[in-house]
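The paragraphs below go through them part by part.

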Amino acid sequence: MKKASAAPKKLRVAIIGTGNISRCHIAAFQYMPEVEIVAGCDIKPERLAWFKQQPGCQNASTYEDYSKMLKAEKFDIVDVCTPNGVHAPAAIAALKAGCHVMVEKPMAMNPEECQAMNDAAKKAKKLLACGFQIRYTPVVQMCKRAVNEGLLGDILYVKVHAMRRRGVPNWGVFGRKDLQGGGPMIDIGVHQIESAHYAMGEPKPVAATGRTWTFLGNKPSNVVSVWPNWDYKTYTVEDLCVGQVRFENGTLMQIESAFCSHLEKDTAYWEIMGTKGGFSTLDGTLYHDMAGTMVNSQAGFLPPHPSPADFVSKLRDFTTAILTGSPLTSSGLEGMAVQKIIDGLYRSADKGGKEVAIL
Ligand SMILES: NC(=O)c1ccc[n+]([C@@H]2O[C@H](COP(=O)([O-])OP(=O)(O)OC[C@H]3O[C@@H](n4cnc5c(N)ncnc54)[C@H](O)[C@@H]3O)[C@@H](O)[C@H]2O)c1
C-alpha cells in the first residue's frame, strides 16, 4: 500500500506586540494554511491574555520579553507589530536569531535604523518585509497595471493626501515623537506615500521640502471627535505636515498629512498625472483621451477595498517569497526608500522648510 505523504510543515510564526494591529495579522493568518501562530510577546500581560483568546492562538506560548522568546524557541517568521521605536531592535534580534521578519509600517523611526535592519537581513540571509498593505488594494493594483501598460505615459506629478479633520489616536503612543519618530506623516502619510511610490515604479527620491505645525494635539479639547481624550500632555508630534519631494527622474510629489486640520472631511488617496493619462485612487478613475474626447474610465468591477484581504495579500506575498523564493513586493529596501522621503520632509521642516538632499 502506498504510504500517505506527510502534511507539509507549517511556518512557525511569533508575533511581537499583540496590540491593536496584531488583530488584523492574526485574522489574516487564519486564511493561510501554510502558517501557524506559535507564540506572542507583549510587555503588557493584559494584551497577552487577549492574544490567548484569539483564533488560532489558544495553544501559543506567551512572553513578556522578545529576547527571552527568541532564545527559548525557534521560529520561521517573526511578525513585529510594536510601536515604531521597537521595530528596529526587535527585527534585528529576530533576524540574528535566524528568522524571516515582517515589520509593520513604517519600517522604523529613521533611515539609519532601516539600513541597520537591511544589513542584518543580508548578514542572516533572511527575508525582511515591510507591512505595507495599501499597495495590494485593487485600486492601487489597477493604477500600477495602467502605469506598466503605458496608459499614463511619463509620470510628471503626484498629489498625496492623508488628512484627518480630528483624528489623534487615543491609544498607544502615537503622540510620542521619541517612540514613534513623528506624527501623521510617519503614521498615515506613509501608507499613501508607499502606495503612490510603488505605482510610480519606485523612483529614487533626491530632495525634499516640508513644514510641520502643532496647534491642537498638545492641548486639552472638549470638541466631539472620533477618538476623544487623547493624551495631550505627552503629545510631541506634528498635527499637520505638508511638503514636496523631487525624484531623480524629475517627477514631483506633493504630500499633505494631518491628525488635525480644519477642512471638510478626512481624505486618504492620491492622484497621479502623466503625459498620456492620470489616475485617482479616490474612486479608481483613469483620466485619458479617447475617440477625440476626454474620457474618465472606471473599473466595471473591483473587489471591495480596503478590506481584510489586503492583510492576507501582504502576509501571503511574504510567505510565498519564503516558500518559493519569489521576490518580495514590499522589501526592506522599499521600506527604506519610503522612510527617506518621510525623513527628508521632517529634516526640511526642522530647517524652517529649506530644501534638503535625500541621499
Ligand atoms: N498597517 C496598518 O494599517 C497599521 C494600522 C495601525 C497600526 N499600524 C502599525 O502597527 C504598529 C502598532 O500599532 P498599534 O495600533 O497596534 O499600537 P498598539 O499600541 O495598540 O500596540 C502595540 C503593542 O506593542 C506592545 N509593545 C510595546 N513595546 C513592546 C516591546 N518592547 N516588546 C513587545 N511588545 C511591545 C504594546 O504593549 C502594545 O500592546 C505601529 O508601528 C503602527 O504604525 C499599522
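From which domains does the shell around the ligand draw at least three residues each? It draws them from domain 1 (11–134) and domain 2 (137–304 + 332–357); these bounds come from an automatic or database domain assignment. The model is a predicted one, in which local features need pLDDT of at least 70 and side-chain atom pairs count only at pLDDT 80 or more, while totals for chains, interfaces and linings use all residues. Residues are numbered from 1 along each chain as its sequence is written.

The ligand is surrounded by 24 residues, where a residue is near a molecule or strand if its C-beta atom, placed from the backbone, lies within 6 Å of it. The closest are G17, G19, N20, I21 and G172. By type, the shell holds nine nonpolar, nine polar and six charged residues. Here Ala, Val, Leu, Ile, Met, Phe, Trp, Tyr, Cys and Pro count as nonpolar, Asp, Glu, Lys and Arg as charged, and the others, Gly among them, as polar.

One of the closest residues, N20, sits in the loop between β1 (11–16) and α1 (22–29). Helices (H or I, at least four residues) and strands (E, at least two) are DSSP runs, numbered from the N terminus. Is N20 buried or exposed? N20 is exposed, because 12 other C-beta atoms lie within 10 Å; the cut-offs are 20 or more for buried, 12 or fewer for exposed, and partly exposed in between, with C-beta atoms placed from the backbone. Leaving aside residues up to four places away in sequence, N20 touches W171 and G172, contact being C-beta atoms, placed from the backbone, within 7 Å. T82 is 62 residues from N20 along the chain, and their C-alpha atoms are separated by 9.4 Å.

Next comes α1, whose buried residues are S22, H25, I26, A28 and F29. They span an arc of only 165° around the axis, so they are on the same side of α1; the arc is that of the directions from the helix axis to the C-beta atoms. An α-helix has 3.6 residues a turn, so residues three or four places apart point the same way. The cover over the buried residues of α1 includes β1, β2 (35–41), β4 (77–80) and α9 (309–324).

Now for the two domains together. The C-alpha centres of domain 1 and domain 2 are 26 Å apart. Their contact takes 21 residues from domain 1 and 22 residues from domain 2. On the domain 1 side, α4 (84–96), α5 (111–124) and β6 (128–131) give two or more residues, and α5 gives the most, with six residues. That side divides into 13 nonpolar, seven polar and one charged.

In helix α6 (residues 138–148), the buried residues are V139, V140, C143, A146 and V147. Their arc around the axis is only 120°, which puts them on the same side of α6. R145 and N148, on the other side of α6, are exposed. Among what covers the buried residues of α6 are α8 (184–199), β11 (267–274), β12 (277–280) and β13.

Strand β13 (residues 285–290) is joined to β14 by six bridges, and the two run antiparallel; strands pair if DSSP finds at least two bridges between them. D289 has M294 in β14 as its bridge partner. The two strands form a hairpin with two residues between them, and A291 in the turn has a positive phi of about 55°. Strand β14 (residues 293–298) lies largely in the open, because zero of its six residues are buried.

How values were computed: Two residues are in contact if their C-beta atoms, placed from the backbone, lie within 7 Å.
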